[in-house]
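Please look over the sequence and the structure shown below before reading on. The briefing that follows goes through a few helices and a few single residues, topic by topic.

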Amino acid sequence: MTRVAAIDCGTNSIRLLVADADPETGELVDLDRRMVIVRLGQGVDRTGRLAPEALERTFAACREYAAVIKEYGAERLRFVATSASRDAENRDEFVRGVLDILGVEPEVISGDQEAEFSFTGATRELSGRDDLAKPFLVVDIGGGSTEFVVGDAHVRAARSVDVGCVRMTERHLVHEGHVSDPPTEAETASMWADIERALDLAEKTVPLREARTLVGLAGSVTTLSAIHQDLPEYDSAAIHHSRIPYARVREITEWLLRSTHAERAAIPSMHPGRVDVIGAGALVLQSIMERVGATEVVVSEHDILDGIAWSIA
């Protein structure tokens, strides 16, 4: 066993996994898995810069994670940064801060690398199942971007496009600093059209319609699973490898886009940091399912974070 620590810093959240990995058996044993919503990508689509308050929230989470990593005595650490820090003019400030706190530089990876990690993390434990047809289409709906990967045992094609729950919310639903509560029909239609254009772009590279099993990753999808199951609180064990029929995805999405902030916040499994962006994330998933003709989505709690851990095991 090799004890590893993996950090995935996205547009909306920063997550840590400390695990013991056995490459010979393919076993990854979680010791600590946690998430903090820091909204690093706050305003990046509009200003092109990481906001000072967003950086400080992220650095505070890094300090918490540094203590956890030290406590477990992880032998190796890899810090991967995704969409927001790719786009920002002041990304050097972010890199210096992480290096000071954790002793490693964040790797600002490409969308294609991001997709590779997501595919490995999501499918490593699904590949031997005979109830799931191949090829898989792994869809990682993040805050700033969505990754599409089609593959069997290995990746066949991958593409990252700039639609995510935070980016879509800020681009279409925020006016004068306030999120529409609830969105208007015109705002939802504008957001949907933007998502469709991104799917057209993804389909130029990735044969989306060839997929036989759709695997959905990240907070928007896992939250939809929790809502679908009417969980009294967020329960990773109940969510991991659950399945949501298309009809339920559409029903929940329509409700989320009609609901107020207070109504969404009252959902017991809803993370407070996801209340304003969950409608956009759900619409991205619904649009993808319609495009590929998926009758259901298999939900995975294992994603890019697990792929990062395997890359250093």
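In which strand is the place of A21? A21 lies in strand β2, which covers residues 13-22, where helices (H or I, at least four residues) and strands (E, at least two) are DSSP runs numbered from the N terminus. This is a predicted model, in which local features need pLDDT of at least 70 and side-chain atom pairs count only at pLDDT 80 or more, while totals for chains, interfaces and linings use all residues. Residues are numbered from 1 along each chain as its sequence is written, and side-chain values use heavy atoms, with hydrogens and water left out.

- A21 counts as buried because its relative accessibility is 0%, where buried means under 20% relative accessible area, exposed means over 50%, and partly exposed lies in between (1.4 Å probe, protein chains only).
- Not counting residues up to four places away in sequence, A21 touches M1, T2, E27, L28, W310 and A313, contact being defined as heavy atoms within 4.5 Å.
- Along the chain A21 and P272 are 251 residues apart, and their C-alpha atoms are separated by 32 Å.

**Helix α4**

- Helix α4 (residues 91-102) has twelve residues and reaches 17 Å from its first C-alpha to its last, close to the 16 Å expected at 1.5 Å a residue; the expected span is 1.5 Å times one less than the number of residues.
- Its buried residues are F94, V95, G97, V98 and L102.

**Helix α10 and its surroundings**

- Helix α10 (residues 246-258) has 13 residues, and from its first C-alpha to its last it reaches 19 Å, close to the 18 Å expected at 1.5 Å a residue.
- Within α10, the residues V249, I252, T253, L256 and L257 are buried.
- Because they cover an arc of only 130 degrees around the axis, these residues sit on the same side of α10, whereas A247 and R258, on the other side, are exposed.
- The cover over the buried residues of α10 includes α7, α8 (219-228), β12 (243-245), α11 (261-265), α12 (278-292) and β13 (296-299).

**How α8 meets α10**

- Two packed helices are described by the angle between their axes and the distance between the axes.
- The axes of α8 and α10 come within 11 Å and cross at roughly 100 degrees, with axes taken as lines fitted to C-alpha atoms, for helices over the stretch in contact, and angles running from 0 to 180 degrees between N-to-C directions.
- The two helices α8 and α10 are therefore roughly perpendicular to each other, a term for angles of 65 to 115 degrees, while angles under 35 count as roughly parallel, over 145 as roughly antiparallel and the rest as oblique.
- From α8, L224, I227 and H228 meet R248, V249, I252, T253 and L256 in α10.

**Two further helix residues**

- T222 is found in helix α8 and counts as buried because its relative accessibility is 5%.
- Leaving aside its neighbours within four places in sequence, T222 is in contact with Y234, I239, V299, S300 and E301.
- A193 belongs to helix α7 (residues 185-203) and counts as partly exposed because its relative accessibility is 25%.

Definitions and conventions
The arc is that of the directions from the helix axis to the C-beta atoms.
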